[in-house]
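Open the model in your viewer and keep the selection tool at hand. The stops below say what to pick next and what is found there.

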Amino acid sequence: MTREEKSIAIENLTAQLAGTNIIYVSDISGLNAETTSNLRRACFKAGIKLEVVKNTLLAKAMEASSNDYGDLPTVLTGNSAIFISDVANAPGKIIKDFRKKSDKPVLKGAYINSEVYIGDNQLDALATIKSKEELLGELIGLLQSPAQRIISALQNKFAGSEEETEA
């Protein structure tokens with residue numbers, strides 16, 4: 001790669017990083033072509049962008065970004081691929097699902113809404129993070145619950161009083 005090509009690649013990576021708050025870094029080396037293709041297909045279906053990157057270029061893009069990636073650049077060794085998503089737990093679920101059949105991909109780290117997670121031991125926690133939609137659904141359910149109980153109680157009371165007036 002020429003210096004100009006590297007500069008363009010860093011600019012592109014910096015723009016990608018600026019456009020998201022959810023990035024997973026993993027090692028997908030050693031996956032055969034079929035498994036890699038299946039991983040890419042699963043990512044595409046889930047709305048996740050998967051890209052194999054050069055560590056030095058990604059580290060420079062993280063440095064140039066306005067986000068604080070903390071210790072995440074320290075995990076950039078060996079082969080690295082980034083998962084970029086709009087849903088915090090989606091890449092974690094995909095990685096976990098693929099790990100049922102293989103020991104790869106290995107999670108190196110993640111950046112989720114200004115929080116940095118380092119190490120493969122974080123995978124279970126990341127896969128169970130609730131998405132924004134799930135949290136909103138739970139909140140709405142909690143807010144509706146008292147109102148539903150009142151309506152149900154009133155309906156039962158009125159149903160009981162109608163039966164008494166008919167008798």
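Start with Ser-114, which is exposed, with a relative accessible area of 53%. This is a predicted model. Ser-114 sits in the loop between β4 and β5, and its phi is positive, near 75°, although the residue is not glycine. Most residues other than glycine have a negative phi.

Step back to Asn-113, in the loop between β4 and β5. Asn-113 also has a positive phi, of about 45°, and is not a glycine. Its relative accessible area is 46%, so Asn-113 counts as partly exposed.

Now select Lys-108 in strand β4, residues 106-112. Leaving aside neighbours within four places in sequence, the contacts of Lys-108 include Val-25, Ser-26, Asp-27, Thr-77 and Ile-118.

Buried or exposed: what are Lys-104 and Asp-27? Both are buried.

The peptide bond between Lys-104 and Pro-105 is cis, with omega near 0°. Pro-105 belongs to the loop between α4 (90-98) and β4.

The whole structure has 5 salt bridges. For another of them, select Asp-124 and Lys-96, whose side chains meet at 2.9 Å, N to O. Asp-124 is in helix α5 (residues 123-127) and Lys-96 in helix α4, so this pair ties together parts 28 residues apart in sequence. Asp-124 is partly exposed at 45% relative accessibility, and Lys-96 is partly exposed at 34%.

Next, show Asp-97 and Lys-100, a salt bridge with its closest N and O atoms 3.8 Å apart. Asp-97 is partly exposed, at 35%, whereas Lys-100 is exposed, at 68%.

Finish on helix α3, residues 55-64, and colour its buried residues: Asn-55, Leu-57, Leu-58, Ala-61 and Met-62. They span an arc of only 165° around the axis, which places them on the same side of α3. Turn to the other side to find Thr-56, Lys-60, Glu-63 and Ala-64 exposed. The elements covering the buried residues of α3 include α1 (3-18), β1 (22-27), β2 (49-53) and β3 (80-84).

Methods:
Residues are numbered from 1 along each chain as its sequence is written. This is a predicted model: local features need pLDDT of at least 70, side-chain atom pairs count only at pLDDT 80 or more; totals for chains, interfaces and linings use all residues. Side-chain values use heavy atoms; hydrogens and water are left out. Helices (H or I, at least four residues) and strands (E, at least two) are DSSP runs, numbered from the N terminus. Contact means heavy atoms within 4.5 Å. Buried means under 20% relative accessible area, exposed over 50%, partly exposed in between (1.4 Å probe, protein chains only). The arc is that of the directions from the helix axis to the C-beta atoms. A salt bridge is a side-chain nitrogen of Lys or Arg within 4 Å of a carboxyl oxygen of Asp or Glu.
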